[in-house]
Amino acid sequence: MSTTTTIPGSATAAVALSGVTKVYGRGGDAVVALDRVSLDVAPGEFVCLVGASGCGKSTLLNLVAGLDTTSGGDILVAGDARPGLMFQEPALFPWLTVGANVEVPLKLRGLPSATRKARVAELLDTVHLGDFARRRPHELSGGMRQRVALARTLALDTPVLLMDEPFGALDAMTRDILHDELERLWRGRNAAGEPLTVVFVTHNVREAARLADRIVLLSSRPGRVIYETRVEVTRPRRIDSPEVAAVAADVTDRLRAEVGRHGH
Amino acid sequence: MATDTISGLDALEIASQQKVPGRAARLWAATWPKLTALALALAVWQVVVWSGWKPEYALPAPETVARDLWDYATSGALWDGLLITAERAGIGFGAAVVVGLLLGLAVARVKVLRAALGSMITALQTMPSIAWFPLAILLFQLSEQAIFFVVVLGAAPSIANGVIHGVDYVPPLLVRAGRNLGASGLSLYRYVIAPAALPAIVAGLKQGWAFAWRSLMAGELLVVIAKTTSIGVQLTYARELSDAPRVISVMIVILVLGLLVDLLFTKADRAIRRRWGLLDRG
């Protein structure tokens with residue numbers, strides 16, 4: 001983890017957003033997707049962004065990932081790292097095997113073949129898919145594909161992981177297991193002194209309460225930060241524990257109040 | 001324990017995919033309808049001959065043609081002609097591929113070119129290639145260049161269209177994923193856009209081949225160059241000598257050749273689809 005870059009206003013943040021605004025279109029048709037969003041995420045912190053439809057969650061991640069440009073405000077990522085981005089769909093390349101998919105970012109970084117092979121094996125073991133390197137993505141289940149996508153994103157060796165509803169399309173059991181896996185991996189990295197900062201977007205409040213150190217609630221049209229809460233439940237957590245449920249209930253109430261505002 | 005749950009779930013979820021039909025059974029299932037269709041066609045032909053609708057010298061019986069085909073194949077004329085025609089097909093189609101790929105890529109990438117040439121390419125595709133020959137002959141006289149000119153004009157638009165179509169329909173999500181993984185500019189083309197466009201490009205090549213082959217045959221019938229005995233020229237000579245069995249023999253050769261190359265493209269297409277998981281096994 002690089003600590004060489006200091007971010008103005010928050011010397012310790014891994015990701016810092018200050019007054020980030022995103023407007024689509026122009027003139028009368030302009031839509032404000034994000035309105036002066038400011039957010040600091042500490043190294044190794046797990047932040048969940050929660051909001052109803054149209055709150056610009058995905059827009060925010062695209063901006064942080066550098067796939068889109070802001071209309072105003074600043075985004076700083078510590079050490080100029082390239083954040084890894086995961087989507088709701090695995091977005092694997094169907095023409096490549098599982099192993100070759102994971103190898104793509106390593107190739108793009110120009111690593112030598114032997115290093116790449118070793119790293120691919122290691123990453124696939126991390127997501128328990130060591131035996132599936134030669135399979136094709138379509139031969140795997142949805143949950144397995146999403147794990148391949150996670151391994152491929154981790155191959156960027158990035159300290160910042162951006163996840164855009166990554167488990168939204170999975171069944172409940174698979175999702176629970178992947179929560180456990182993600183938590184294990186994230187805690188492992190932090191314990192090893194290689195902090196992994198996660199910004200996780202979801203509309204599933206329970207999921208947020210299960211995973212997050214901190215939940216950030218965004219309003220819809222335009223997206224603004226309207227509520228923040230720390231989740232003090234000890235880890236490892238279970239999604240069906242009363243503590244997680246209590247946190248979820250609090251956030252759900254506020255989310256409903258925000259959604260209700262649009263009904264008038 | 002958690003690891004056990006994961007591997008258990010994985011095993012359950014992908015268990016239903018181990019279905020292996022026998023190779024011979026698959027081959028037979030694919031072959032017998034074709035053989036039956038062929039037998040039916042031959043039967044119809046034979047019945048028409050028996051009906052006396054046309055005299056034997058105009059419409060010979062299948063058996064007569066089969067004998068002639070055998071003579072043709074063993075005489076060396078077939079192979080000499082084949083060599084010339086195959087070489088022309090190779091050069092002409094090769095040039096069309098180069099032109100088509102470059103043109104398609106340029107149009108797909110550059111907005112101005114797309115506005116200018118996009119609809120022209122489609123229009124060019126609807127132009128029957130034989131209509132180009134009068135101009136080609138004026139430009140290049142009765143020469144191989146005239147044939148190549150028409151072959152390229154016939155095939156390149158289809159190939160270019162395949163490229164344009166392929167690049168246009170690359171899933172945006174894959175492009176975003178590729179960019180996030182560190183691809184940009186040329187490497188984005190190499191790692192994401194080109195492979196994602198490959199199925200459409202192969203479809204374009206297949207269609208391009210059909211046009212190239214037709215243009216080439218039209219060319220060989222029209223542009224008769226002295227001392228060359230290409231397949232098309234042999235067909236013309238056979239007609240001039242009223243040698244009906246030979247006319248049909250040459251036609252069969254042309255049909256089979258076109259089919260064989262088409263089969264190669266179909267095989268490539270299926271291989272890609274299988275790799276991508278777009279095709280059910282069996």
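Q: What places a "transmembrane region" in chain B of this predicted model?
A: The annotation comes from UniProt, where an unreviewed entry puts this feature at residues 35-53, 89-108, 120-140, 146-167, 188-205 and 247-265 of chain B.

Q: What makes residues 146-167 and 247-265 of chain B helix or strand?
A: Over residues 146-167 of chain B the chain is 100% helix and 0% strand, with end C-alpha atoms 32 Å apart, and residues 247-265 of chain B are likewise 100% helix and 0% strand, their end C-alpha atoms lying 28 Å apart.

Q: How do you know that residues of chain B are in contact with residues of chain A?
A: Contact requires C-beta atoms, placed from the backbone, to lie within 7 Å, and 25 residues of chain B are in contact with 27 residues of chain A. On the side of chain B that touches chain A, α1 (2-14), α8 (172-180), α9 (186-222) and α11 (244-276) each supply at least two residues, and α1(B) gives the most, with nine. That side of chain B divides into twelve nonpolar, eight polar and five charged residues.

Q: What makes β1 (residues 15-24) of chain A and β2(A) a pair?
A: Pairing requires at least two bridges between the strands; β1(A) and β2(A) have seven, in the antiparallel sense, and therefore count as a pair. Leu17(A), for instance, has Leu39(A) in β2(A) as its bridge partner.

Q: Why are β2 (31-41) and β4 (72-77) of chain A at the edges?
A: The open, antiparallel sheet of three strands runs in the order β2-β1-β4 (chain A), and β2 and β4 of chain A each have a single partner strand, so one side of each is left without a neighbour in the sheet. The twist from one strand to the next averages 20°.

Technical notes
Residues numbered from 1 in each chain as written. Chains lettered and ligands numbered in written order. Predicted model: local features only at pLDDT ≥ 70, side-chain atom pairs only at ≥ 80, totals over all residues. UniProt positions renumbered as here; feature names shortened; annotations may be inferred. Helix = DSSP H or I, 4+ residues; strand = E, 2+ residues; numbered from the N terminus. Contact = placed C-beta atoms within 7 Å. Nonpolar A, V, L, I, M, F, W, Y, C, P; charged D, E, K, R; others polar. Axes fitted to C-alpha atoms, helices over the stretch in contact; angles between N-to-C directions.
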